[in-house]
Amino acid sequence: MMSSRRNSGIILREGSVRDWSEFNDPSPSPKLLYSQSYVAMRGLLASVVSLDFFLLSSKLKSAWAGMTSQRHIRSQERSKSRGLNCKRVAVHLLLCFMVGIFIGFMPFFSVDVYKKIVSENERLPFHESVVATEMMDTKVKELETVVVEKEVELIDEPEVGESPPVPAMLDDEADFAESTRALPAIEESKITVKKLLIIVTITSVRPQQAYYLNRLAHVLKAVQAPLLWLVVEWPEQSYETAEILRSSGVMYRHLICRKNTTSVRKIAVCQRNNAIYHVKKHHLDGIMHFADEERSYSADVFEEMQKIRRFGSWPVAIHVRTKYRAVLEGPICKGSRVTGWHTIQTVQKKSMTRRFPIGFSAFAFNSTMLWDPQRWNRPAMDSVIVHSGGRGGLQESRFIEKLVKNERQVEGLPDNCNRVMVWNFNLEPPQLNYPTGWALYKNLEADMPVI
């Protein structure tokens with residue numbers, strides 16, 4: 001048997017087999033079946049995966065397309081909104097430009113309308129009176145300047161012989177009256193222009209201050225405006241003075257003088273000089289007068305001050321304690337021309353001679369003489385102040401000498417100087433104790449109690 005197997009095996013190896021298909025087993029092997037199913041499953045999985053990937057990619061593409069389309073739509077909407085905003089801005093700018101052009105041409109339009117209105121008003125009946133009033137105002141201003149220039153020229157001329165009975169200033173007034181006759185009749189209230197009255201009062205806190213200031217405030221309140229009350233206090237602004245000024249009803253300015261001294265004369269000089277510096281600094285134009293609070297004033301004296309052109313003076317009644325009588329101090333006049341002086345000192349020493357024997361309460365002057373010397377054809381007068389040196393009225397006399405040269409430049413008030421409008425009664429009591437501000441914050445003991 002062994003040999004038969006070997007022979008059969010050798011026969012198999014020795015035979016040449018050209019077609020191996022005959023040896024193929026028609027029944028499939030389990031390995032082949034597994035491989036074929038694996039390949040089929042793998043293909044199926046690949047197809048499924050490719051399909052899923054295709055579906056996923058299509059979804060992504062559609063989502064991306066949606067996002068891009070939304071962005072595109074938003075960008076279009078933004079571009080449209082930007083375009084609308086640009087159009088709105090352009091329309092607003094155009095409107096603003098047109099409004100600016102309209103406003104710019106408005107003055108020319110208003111001038112044209114005003115000219116048309118004026119041309120129409122010229123036909124109205126009352127226009128003639130308006131034109132006459134304007135002509136009258138211009139004529140008054142021209143004549144006032146001519147009167148001042150002529151007065152200054154006459155004042156600067158040297159005195160030759162006796163002075164005429166009627167001063168040149170009155171002649172100018174007569175010429176002015178004759179020239180105004182040719183103009184149409186107009187009410188005096190329309191052509192009279194009142195000057196500003198600058199009333200300077202020096203004060204300090206003491207028992208009689210409230211009485212003096214209230215009395216003077218009532219007089220000033222009765223004077224027709226314009227009026228400015230310059231109150232200069234030493235050494236500081238007190239509550240009592242401020243309350244009196246607030247309740248006075250008069251336009252005022254509260255100044256102070258802080259000079260460290262106990263001399264009453266030097267304090268008064270400091271206060272008056274502070275008022276002069278205030279007028280110079282602010283170029284106040286009006287008639288300036290130093291009204292002491294102890295003096296008694298009539299309202300007429302302030303109305304007479306309105307007539308002053310350069311420097312005016314009037315008589316003052318002074319009480320003399322030793323003789324228990326009142327004497328006059330001031331000018332003696334013929335019309336408005338000063339011909340002499342009333343004075344208390346009948347015999348004056350050479351060292352005490354006063355060129356103008358009057359006090360501060362007896363004169364007033366044009367305030368422009370302090371800060372506008374060119375108007376009066378005079379050199380700069382920076383030294384026009386009150387000096388502390390001099391007693392017995394020398395302060396007033398030296399101050400007046402810097403303002404006027406002689407009596408020809410002084411205007412006597414009122415006409416013929418025949419009325420007393422200021423009184424100087426020195427009734428200042430001795431120093432006494434009094435409540436601050438005259439206000440009683442505590443009840444005093446009753447002298448007669450109620451039972």
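Student: Before we start, what should I know about the numbering and the model?

Tutor: Residues are numbered from 1 along each chain as its sequence is written, and side-chain values use heavy atoms, with hydrogens and water left out. Since the model is predicted, local features need pLDDT of at least 70 and side-chain atom pairs count only at pLDDT 80 or more, while totals for chains, interfaces and linings use all residues.

Student: Thanks! How many disulfides are there?

Tutor: A disulfide is a pair of cysteine sulfur atoms within 2.5 Å. By this rule there are two disulfides here. Cys257 is joined to Cys270, with an S to S distance of 2.0 Å, and Cys333 is joined to Cys417, with sulfur atoms 1.9 Å apart.

Student: Where does the pair Cys333 and Cys417 sit in the chain?

Tutor: Helices (H or I, at least four residues) and strands (E, at least two) are DSSP runs, numbered from the N terminus. Cys333 belongs to strand β8 (residues 325-334), whereas Cys417 is in the loop between β11 (411-412) and β12 (422-424), 84 residues apart.

Student: Now, how many salt bridges does the whole structure have?

Tutor: A salt bridge is a side-chain nitrogen of Lys or Arg within 4 Å of a carboxyl oxygen of Asp or Glu. The search finds 11 salt bridges. Among them is the pair Lys194 and Glu303, at 3.7 Å from N to O. Lys194 lies in the loop between α6 (188-191) and β1 (197-204) and Glu303 in helix α10 (residues 299-305), so the pair ties together parts 109 residues apart in sequence.

Student: Which salt bridge partner does Arg246 have?

Tutor: Arg246 meets Glu243, at 3.0 Å from N to O. Both are in helix α8 (residues 239-246), three residues apart, which means about one helical turn separates them. Arg246 is exposed at 54%, while Glu243 is partly exposed at 32%.

Technical notes. Buried means under 20% relative accessible area, exposed over 50%, partly exposed in between (1.4 Å probe, protein chains only).
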